[in-house]
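Visitor: I have a structure to look through and would like to ask about it as I go. Can we start with the terms?

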Amino acid sequence: MNFSRLIKNCSIPSRWLLANNIRYQSSSAAQNLIQVDINEETGVSVVSLNRKPVNSLSLELFKDFCGVMDDLEREKVRGMVLKSSCDNVFSSGLDITELYPNPSEERFEAFWLWFQESWLKLYASSFPTVAFVNGHAPAGGCVFAISCEYRLMLPYYKIGLNEAPVGIVATEWVMNSLRAVLPGKNAERLLTSGRLLDTQEAFDIGLIDQIVNNEEEAMARSEEFFATFDNVPKLARALTKQVYRKNDLNQLIKNRSSDAKQFLNHILRPETQKIIGSYFKSLKDRKKD
Ligand SMILES: CCCC/C=C/CC(=O)SCCNC(=O)CCNC(=O)[C@H](O)C(C)(C)COP(=O)(O)OP(=O)(O)OC[C@H]1O[C@@H](n2cnc3c(N)ncnc32)[C@H](O)[C@@H]1OP(=O)(O)O
C-alpha cells in the first residue's frame, strides 16, 4: 500500500493549513455533494452537506468538502456554519459501504486520507466554525460537529460516537477532538458505551453549546458567536486557535500513514467485518419491520 504517495498528493500544510495548496478535480460536480451559500453582507458562509438521503460520508464527499474549505480560506470568510440539507439527519457517519464488505486497499487508502484531510482542514480552519446539528449526528457525523468551535442543535435528535457498538475503534485524533469539547470521564464513557445522546442530554453534559428551535434561531446564534471575534485581529485569532489545537493536529499529521494502516487492519479483521455486516443488515431490516 503506497500511503506516502497518497499523502504527498493530499496536503500536509506547513502552517496549519493557512497556506492551502491542495488541488483536486471534483469527481462529483454533477451531484453537488456540498452546497455553499456565502452571505455577502455578513461574510458568513453556510455549508450544507448534501448527499441524500442521510449524508453518509464517502470519499467523494470528503474530497468536495476539502475543496470547499480551501475556497473559504481563500475567500477569507468571516465564519462558517456547517449544516445538512437532508431531512432529519445532519450526517449518518462514514458511509458503511466504504468499510464493508472488505474494501479494496486502494479505495480505502484514498477514502481514509481524504477523511483525515477533511478533519485537518475543519479542525484547523482559520475562520470560526459553527455546527448547526439539524438532524441526527452519529459517529462520523458527530466527528464533524465536535471539530467545529461551537455547536447548536435542534431538539429531539441524537448525537454521539457510537463507533464501539458498530465494532469500530475511534482513532486517537477523534478522541482528542472529543476531549477538547468534553473533558474527563464523560468523554471516555461516551466513547466506550457508544451511547447516542438526545439533544437535551447532549446539552446537559456540554457536548453541544445551545439548543435552538429552528434555522432562523440557529443563524442568529451563529451570528452572535461570530460577533464575539469582530474586534479580534483575524490572524491573531486564527494562530491562537491553531496553536491551541497544535498537539491534536500534530498527533495526526505525524501519523497519517500508520493511522490509515491501523484502521484498515482493524476493519479487515473477519470479526470486525462480521459485526459491521450484521449492523448494516439490521439498518436495512429496520425498514421491513
Ligand atoms: C475512526 C473513528 C472515526 C469515525 C468513524 C466512524 C464510523 C462510522 O461513522 S460508521 C457509521 C455509523 N453510523 C451509524 O451508526 C448510523 C446509521 N444510520 C442510522 O442510524 C439511520 O440511518 C439514521 C438515524 C441516521 C437515519 O434514519 P432514517 O430512518 O432517516 O434513514 P434510514 O432509512 O435508516 O437510512 C436511509 C438509507 O441510508 C442507509 N444508511 C444509513 N446510514 C448509513 C451509513 N452510515 N452508511 C451507509 N448507508 C447508510 C440506510 O441503510 C438506508 O438504506 P436503504 O434505503 O437502502 O435501506
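Guide: Buried means under 20% relative accessible area, exposed means over 50%, and partly exposed is in between, using a 1.4 Å probe and protein chains only. This is a predicted model, where local features need pLDDT of at least 70, side-chain atom pairs count only at pLDDT 80 or more, and totals for chains, interfaces and linings use all residues. Residues are numbered from 1 along each chain as its sequence is written, and side-chain values use heavy atoms, with hydrogens and water left out.

Visitor: How many salt bridges does the structure hold?

Guide: There are 17 salt bridges. A salt bridge is a side-chain nitrogen of Lys or Arg within 4 Å of a carboxyl oxygen of Asp or Glu.

Visitor: Which residue pairs with Arg74?

Guide: Arg74 forms a salt bridge with Asp71, and their closest N and O atoms are 2.5 Å apart. The two residues sit three apart in helix 2 (residues 59-75), so about one helical turn separates them. Helices (H or I, at least four residues) and strands (E, at least two) are DSSP runs, numbered from the N terminus.

Visitor: What about Lys121 and Glu117, how do their side chains meet?

Guide: They meet in a salt bridge, 3.5 Å from N to O. Lys121 and Glu117 are four residues apart in helix 3 (residues 105-123), so they too are separated by about one helical turn. Lys121 is buried at 2% relative accessibility, and Glu117 is buried at 0%.

Visitor: And Glu271, which side chain does it meet?

Guide: Glu271 meets Arg269 in a salt bridge of 2.9 Å, N to O. Glu271 is partly exposed, with a relative accessible area of 42%, and Arg269 has a relative accessible area of 42% and is partly exposed as well. Elsewhere, salt bridges that share partners join Asp70, Glu117, Lys121 and Arg256 into one network.

Visitor: Now Asp259. Where is it?

Guide: Asp259 is in helix 11 (residues 256-268). Asp259 is buried yet has no salt bridge, and the nearest side chain of opposite charge, Arg256, is 7.4 Å away. For charge, Lys and Arg count as positive and Asp and Glu as negative, while His and the chain ends are not counted.

Visitor: What does Asp259 touch, then?

Guide: Leaving out residues up to four places away in sequence, Asp259 touches Trp112, Gln116, Thr171, Trp173 and Leu252. Contact here means heavy atoms within 4.5 Å. The side chains of Asp259 and Trp173 are also joined by a polar contact of 3.0 Å. A polar contact is a pair of N or O atoms within 3.5 Å; within protein, one must be able to donate a hydrogen and the other to accept it, and residues adjacent in sequence count only if both atoms are side-chain atoms.

Visitor: Changing topic: which residues come nearest to the ligand?

Guide: Leu94, Tyr279, Lys284, Arg286 and Lys287 come nearest, out of 29 residues around the ligand. A residue is near a molecule or strand if one of its heavy atoms lies within 4 Å of it.

Visitor: What polar atoms lie by the ligand's oxygen and nitrogen atoms?

Guide: A ligand nitrogen is 2.9 Å from a polar backbone atom of Ile96. A ligand oxygen is 3.0 Å from an N or O atom in the side chain of Asn162, and an oxygen atom of the ligand is 2.4 Å from an N or O atom in the side chain of Tyr279. Taken alone, the ligand exposes 1100 Å², and the protein buries 81% of that. Those areas come from the Shrake-Rupley method with a 1.4 Å probe; for residues, only the protein chains shown count as cover.

Visitor: Last topic, the backbone. Where are the cis peptide bonds?

Guide: One joins Lys52 and Pro53, with omega about 10°, and Pro53 is in the loop between strand 2 (44-49) and helix 2. The bond from Tyr100 to Pro101 is cis too, with omega near -10°. Pro101 lies in the loop between strand 3 (79-84) and helix 3.

Visitor: And phi?

Guide: Most residues other than glycine have a negative phi, and most peptide bonds are trans. Asn55 has a positive phi near 55°; Asn55 is in the loop between strand 2 and helix 2 and is buried at 0% relative accessibility. Tyr156 has a positive phi of about 70°, lies in the loop between strand 6 (150-153) and strand 7 (158-160), and is exposed at 77%.
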